[in-house]
Amino acid sequence: HLEHPGEFCNTFENFDRVAKGERNIGRHAGAPWFDGLVYETIRGVADLMARQSDAALEKRVDGYIDRIAVAQASEPNGYIDTYTQLMEADHQWGERGGMLRWQHDVYNAGMLVEAGVHYYNATGKTNLLEVATRCANLMAEYMGTFPKKNVVPAHSGPEEALVKLYTLYRDNPGLKKQINVPVVEREYLRLAEFWIEGRGKHCGFPLWGTWGNPAAEQWIRDRKYEAPEFGNHTRPSWGDYAQDSIPLFEQKTIEGHAVRATLFATGATAAALENRSPEYIAAVSRLWDNMIGKRMFITGGVGAVHFDEKFGPDYFLPTDAYLETCAAVGAGFFSQRMNELTGDAKYMDELE
């Protein structure tokens, strides 16, 4: 129900409101992850335009990008996340009483980076890439090993995006001179690896499965994870739901929210393509084998359980399964990256 029809239903007006300096107004068009969906739409348009140019569509997207850039310019440090800015501006990256699993700050930032890379590859234009690089720099400066902050995405996707940004600048060193912000590409790969290897490294609470979501969320908003006994580089757990109960290298099965899980595995595989780590390769191979061999439906769907939109146990394949489309797409991305990593045709067979 729209209390003010026409006033808070246009997602791009979120960016315009942020650009005008509006903060903590208590209203936002759409869910917290809608910025990310905007960016992913630009990414999809870019992939189409890379194959067949469309001047009218490109001009339209350029107009959207201009609005995004103006919104980012309203923050001195380059932070942009319209939900957090309009609803709880003091909780950037889900900190200081925020809740990253709901806010999606890091997810949205990652999708911005991905859109910037894909739009540059399609058009050669650097406007969105510059916005994305500025945001990536902010995250790389803020997040990481101590004394940086222990912030990892509660919704995966940014891991692969930061790897893409790294490879873009590594393979096109002259591009740095076209960007009006510093570029240290190695830091982007390092941040992606921190996010991937940081799974399961937290204070151990809340216990999502036994406490329930409302109690767990309140524990985080009350900042209980900042208690001295948890140390100076801690954070809350996002649970199995966000592939955060144990470290990646200990994970034997693909668990939790199926979109998050498949995108997490995709990002880890993309990182493995660059670092060639045997631990990475073994881990993503285990996750793929478990997903395909024991948790995928004959239709290619994954994520059997409606509650939390998640994977069920091995061979739990009911006829009324949830099987979100986004999860099937994520599984396709995962298979594509596994083929790049190994050269084994079975991964492309599965994608088809």
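1. Helix 12 (258-275) makes the biggest contribution to the lining of the largest pocket, giving five residues; helices here are DSSP runs of H or I with at least four residues, numbered from the N terminus. The model is a predicted one, in which local features need pLDDT of at least 70 and side-chain atom pairs count only at pLDDT 80 or more, whereas totals for chains, interfaces and linings use all residues. Residues are numbered from 1 along each chain as its sequence is written, and side-chain values rest on heavy atoms, with hydrogens and water left out.

2. The lining of this pocket comprises 30 residues, and Tyr107, His155, His257, Val259 and Glu324 are those nearest its centre. A pocket is taken, on a 1 Å grid over the protein atoms alone, as an open set of points where a 1.4 Å probe fits, with protein on both sides within 12 Å along at least five of seven lines, and a lining residue has an atom within 4 Å of a point. The space amounts to about 690 Å³, the volume being that filled by probe spheres set on the grid points, which are joined across faces, edges and corners.

3. At least two lining residues come from each of helix 2 (34-51), helix 5 (100-103), helix 6 (105-123), helix 11 (213-221), helix 12 and helix 14 (325-342). By class the lining holds 12 nonpolar, eight polar and 10 charged residues, where Ala, Val, Leu, Ile, Met, Phe, Trp, Tyr, Cys and Pro count as nonpolar, Asp, Glu, Lys and Arg as charged, and the others, Gly among them, as polar.

4. Helix 3 (residues 55-73) packs on helix 7 (residues 127-142) at an angle of about 30 degrees, and their axes are 9 Å apart; axes are lines fitted to C-alpha atoms over the stretch in contact, with angles running from 0 to 180 degrees between N-to-C directions. The two helices are therefore roughly parallel, a term for angles under 35 degrees. On the helix 3 side, Ile65, Asp66, Ile68, Ala69 and Gln72 meet Asn127, Leu128, Val131, Arg134 and Cys135 of helix 7, contact meaning heavy atoms within 4.5 Å. This contact has six nonpolar, two polar and two charged residues.

5. Some backbone geometry deserves a look, since most residues other than glycine have a negative phi and most peptide bonds are trans. Phe146 and Pro147 are joined by a cis peptide bond with omega of about 15 degrees, and Pro147 sits in the loop between helix 7 and helix 8 (158-171). Another cis bond, with omega of about 5 degrees, links Phe205 to Pro206. Arg223, which is not a glycine, has a positive phi of about 65 degrees and belongs to the loop between helix 11 and helix 12.

Definitions and conventions
Angles under 35 degrees count as roughly parallel, over 145 as roughly antiparallel, 65 to 115 as roughly perpendicular and the rest as oblique.
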